[in-house]
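Please open the model in your viewer and keep the sequence panel at hand.

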Amino acid sequence: MSNALLEDLKWRGLVAQSTDIKELEQALSKPISLYLGVDPTAPSMHLGNLVVFLVLRRFQLAGHRPIALVGGATGLVGDPSGKNDERTLNEEIIVAEWVAKIRKQVEKILDFKDKNASAVLVNNLDWTKSVSALELLRDIGKHFSVNQMLAKDSVANRLASSGISYTEFSYQVLQALDYLELYRRNDCKLQIGGSDQWGNIVAGLDLIRKVEAGSAHALTVPLLAKSDGSKFGKTASGAIWLDESMTSAYEFFQFWLNSDDADMPKLLKIFSMKDKAEIERLIETVNTNPGAREAHRELAREMTTLIHGAEMSSQVEDAARALFGQGEISDLALKTLDSALAQLPKTQVKKGEPFPSWVDLLAATGVVDSKSAARRIVKEGGAYLNNKKVESEDFTPSKDDLLHGKYLLLRKGKRDLAAVEVIS
């Protein structure tokens, strides 16, 4: 079991660094507890967090007991980032709200009802809030070498640029304390995280060795980049979040569907829970029949189902087809339509006011530079309203054309979409 799991992680490109690999294999020969932490620095996790949580899921499927730590304490402090400035420190009540939201997302990824390896959710504020400053300095701080702390990449980089506060400098002490506490409370023998967390995780290993004379392990996952070197999980509109109010289910589905062919082998290996044979088959379809986008669609379904549920995944896929004329758009539920149109170029018309012409509306959305360009589209036969061809430059929609009394869908050619929303 242990060797097969690690070999699968290596094949998927999910191993950056680890403690002694042979010892780790030996430890994994029987079920162990392992943990992954995430700090509530936003109301939602994003795709970068999902990468590592899916690794935790793979460990659970292999029979190990996952612990998901949501950092109610460390989230109040802030991990030194690659940026040259300090994080904004949020109020306790805000962090508590974000902790609750992230817990719900974690519950979608891990199994909390597994009889043999049920996942556990913990909040490090539960054991940190009662520790006084003197206790932290006397009982924990004495085990840390300032020289070693200064050598950590995240600290050294900041010292070489803008400097670092004592608050962020101390973050590694708190994360190390987390590992020690979970080692004591849950017999936790492995911490996983992104490769930028290696220094913090190793600090926890050192603390366990010094305080408990015990040993544990570390494994990190590479930080991901697209084939062109740009940051993974970012779009023109920003990060891809797991919270639907921040990234709609439709936009989430479309992110996978529209991913570059060159990125699909990596994305399938990292995100899909399908086995090696099926992933290799899907990768081959990208090479032999890229137009069908079978691999993209399969991954979009799998990820959207995981994060937003099977029903929503089916609805947004139907919406994607309907928006491009491959289904009846009037059949879409309003919630699905809201999600599908949320990211489109848009113009608004006040309720009760007469509609401008199709040409005026398209120009108002910014999809074309001018009304003359919009007229040219009509002349060339590429103008559509709710997937029905617009034949006349003077065509003006009416309230009977509204979808759910709220929207009009404009399309230029095969793929350029825009929306008109009626507002009160």
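Helices here are DSSP runs of H or I with at least four residues, numbered from the N terminus. The model is a predicted one.

**First selection: threonine 336**

Select helix α17, residues 334-341, and then threonine 336 within that helix. Is threonine 336 buried or exposed? Threonine 336 counts as buried, because its relative accessibility is 2% and the cut-off for burial is under 20%. Next, display the side chain of glutamine 315: a polar contact of 3.0 Å joins it to the side chain of threonine 336. Leaving aside residues up to four places away in sequence, threonine 336 touches Gln315, Val316 and Ala319.

Move to helix α10, which covers residues 171-186 and contains tyrosine 171. With a relative accessibility of 4%, tyrosine 171 also counts as buried. Which side chain does tyrosine 171 meet in a polar contact of 2.4 Å? The partner is aspartate 39, and the contact is between the two side chains. Tyrosine 171 and aspartate 79 are separated by 92 residues in sequence, yet their C-alpha atoms are 5.8 Å apart. To show the surroundings of tyrosine 171, select Asp39, Thr74, Val77, Gly78, Asp79, Pro80 and Asn200, which are its contacts once residues up to four places away in sequence are set aside.

Show the aromatic rings next; the count of aromatic pairs is four. One of these involves tyrosine 35 and tyrosine 179, whose ring centres lie 5.5 Å apart with planes at 70°, so the pair is edge-to-face. Tyrosine 35 belongs to strand β2 (residues 33-38) and tyrosine 179 to helix α10, so this pair ties together parts that are 144 residues apart in sequence. Both tyrosine 35 and tyrosine 179 are buried.

Phenylalanine 255 and tryptophan 256 make another edge-to-face pair, at 5.2 Å centre to centre and 85° between the planes. Phenylalanine 255 and tryptophan 256 are both buried.

Finally, turn to the surface and select Val146, Leu150 and Leu159. These residues form a nonpolar patch with about 240 Å² of accessible area together. Leucine 159 is found in helix α8, residues 153-159. Its relative accessible area is 45%, so leucine 159 is partly exposed.

Notes: Residues are numbered from 1 along each chain as its sequence is written. This is a predicted model: local features need pLDDT of at least 70, side-chain atom pairs count only at pLDDT 80 or more; totals for chains, interfaces and linings use all residues. Side-chain values use heavy atoms; hydrogens and water are left out. Helices (H or I, at least four residues) and strands (E, at least two) are DSSP runs, numbered from the N terminus. Buried means under 20% relative accessible area, exposed over 50%, partly exposed in between (1.4 Å probe, protein chains only). A polar contact is a pair of N or O atoms within 3.5 Å; within protein, one must be able to donate a hydrogen and the other to accept it, and residues adjacent in sequence count only if both atoms are side-chain atoms. Contact means heavy atoms within 4.5 Å. Patches are made of residues with over 30% relative accessible area and no salt bridge: like charges are joined within 9 Å, nonpolar side chains (Val, Leu, Ile, Met, Phe, Trp, Tyr) within 5 Å. Accessible areas come from the Shrake-Rupley method with a 1.4 Å probe; for residues, only the protein chains shown count as cover. A salt bridge is a side-chain nitrogen of Lys or Arg within 4 Å of a carboxyl oxygen of Asp or Glu. Rings of Phe, Tyr and Trp (its six-membered ring) pair if their centres lie within 6.5 Å; planes under 30 degrees apart count as stacked, over 60 as edge-to-face and the rest as tilted.
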